[in-house]
Amino acid sequence: MAQNIPSNVLFRTGNGYGDGRAMSIFEGVFSDQRYEMQLKGGGATAYSRGGDGRAVLRSSVREFLAQEFMHALGVPSARSLTLYVSKSETAARPWYSPNSYSADPDIMVNNPVAISTRVASSFLRVGQIELFARRARVNAHDNALTELKDIVAHLIEREYQGEIDPNLAFHQQIIELAKSFRTRLSQLVAHWLRVGFCQGNFNSDNCHAGGLTLDYGPFGFCEAFDPDFQPWTGGGQHFAFFNQAAAAEANFHMFWLALRTLLAQDQQAIAQLDEIRSGFKVEMQQQCQSMWAAKLGLSEFPQQLFSQLMPLMTQTKLDYTIFFPRTIAYT
């Protein structure tokens, strides 16, 4: 294994977060919809940070099942196609010693390795748009601004075709893109709260620019209700269950900054884009309130009832999945 491993990577194996183990292998059009396929765990890539690029069976099975489960629940998500496991190869990964009370893994164990194939309309992330925008803002090279425009145009074509008119001037397409993504991202987080899903590490690299659930790494489902539920010991409270709306806004903020870079001195377009950014909280609130009303079996969001219900749910640590169907039955 390569020795130049960043010190911030867990166990200095390159297999903490950001390990670059996915690679795109195929694109195809099926029923007029373009899909991209990626192998996850197929080996080292140019972005593996010194790691081996492999995935172990337990996490691969978990991701495979979770993607299909989320899809069945009506949550926008990347999906699973195949899963293969090696009969001979293993990889060392962090785990817990017997009877351990440690918050963090404290030993290394050998696990069977696996390769999964995941499918989505694309795997474009906010972090990629953010990266190209940073290069453009500092004039990293002569084509930096052109590259930013190209990747945004690519995003529109791949994720918003049929929703954004390609005949519009490009600055107006940017405005429409910001509107559409704001809605999709807010709806996605409302879906997550609806089903009890916590992404665990919802940074811009794990935020799909088309509004899909992506990168099932440190994720979990809230069982005993806890607004601060966090399935990843290294995730911090800022990525906790009820903080996902704030994390989404931070990701949208970076997306907004990237798009703003393309508008140059077009003050009218900048003002429109800024208005969309300032309306993010309202959009998120509306989407979440509609979701809570539906979970309670009501036609409108009951603010007073909700304000009383949340503390009671937190204090009693009730079963988040079972509670709401029973609530609807007694409404």
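Author: Happy to! In the protein chain, residues 24 or more positions apart account for 63% of the contacts with a separation of 6 or more, a contact being heavy atoms within 4.5 Å. This is a predicted model, in which local features need pLDDT of at least 70 and side-chain atom pairs count only at pLDDT 80 or more, while totals for chains, interfaces and linings use all residues. Residues are numbered from 1 along each chain as its sequence is written, and side-chain values use heavy atoms, with hydrogens and water left out.

Reader: How do you know that the radius of gyration of the protein chain agrees with a compact globule?

Author: The radius is taken over C-alpha atoms, and the globule rule is 2.2 Å times the number of residues to the power 0.38. For 331 residues a compact globule would be near 20 Å, and the protein chain has 21 Å, so the two agree.

Reader: Why is Gln315 called exposed?

Author: Buried means under 20% relative accessible area, exposed over 50%, and partly exposed in between (1.4 Å probe, protein chains only). Gln315 has a relative accessible area of 62%, so it is exposed. Gln315 lies in helix 8 (residues 303–316). Buried residues, in turn, make up 45% of the 331 residues in the protein chain.

Reader: What makes a stretch a helix here, and how many helices and strands are there in the protein chain?

Author: Helices (H or I, at least four residues) and strands (E, at least two) are DSSP runs, numbered from the N terminus. The protein chain has 9 helices and 7 strands.

Reader: How do you know that the span of helix 7 agrees with what it should be?

Author: The expected span is 1.5 Å times one less than the number of residues. The 16 residues of helix 7 (residues 280–295) should therefore span 22 Å, and the end C-alpha atoms are 23 Å apart, which agrees. Among the buried residues of helix 7 are Phe280, Met284 and Trp292.

Reader: What makes up the contact of helix 5 with helix 7, by class?

Author: Ala245, Ala248, Glu249 and Phe252 in helix 5 meet Phe280, Lys281 and Met284 in helix 7. By class, that contact has 5 nonpolar, no polar and 2 charged residues. Ala, Val, Leu, Ile, Met, Phe, Trp, Tyr, Cys and Pro count as nonpolar, Asp, Glu, Lys and Arg as charged, and the others, Gly among them, as polar.
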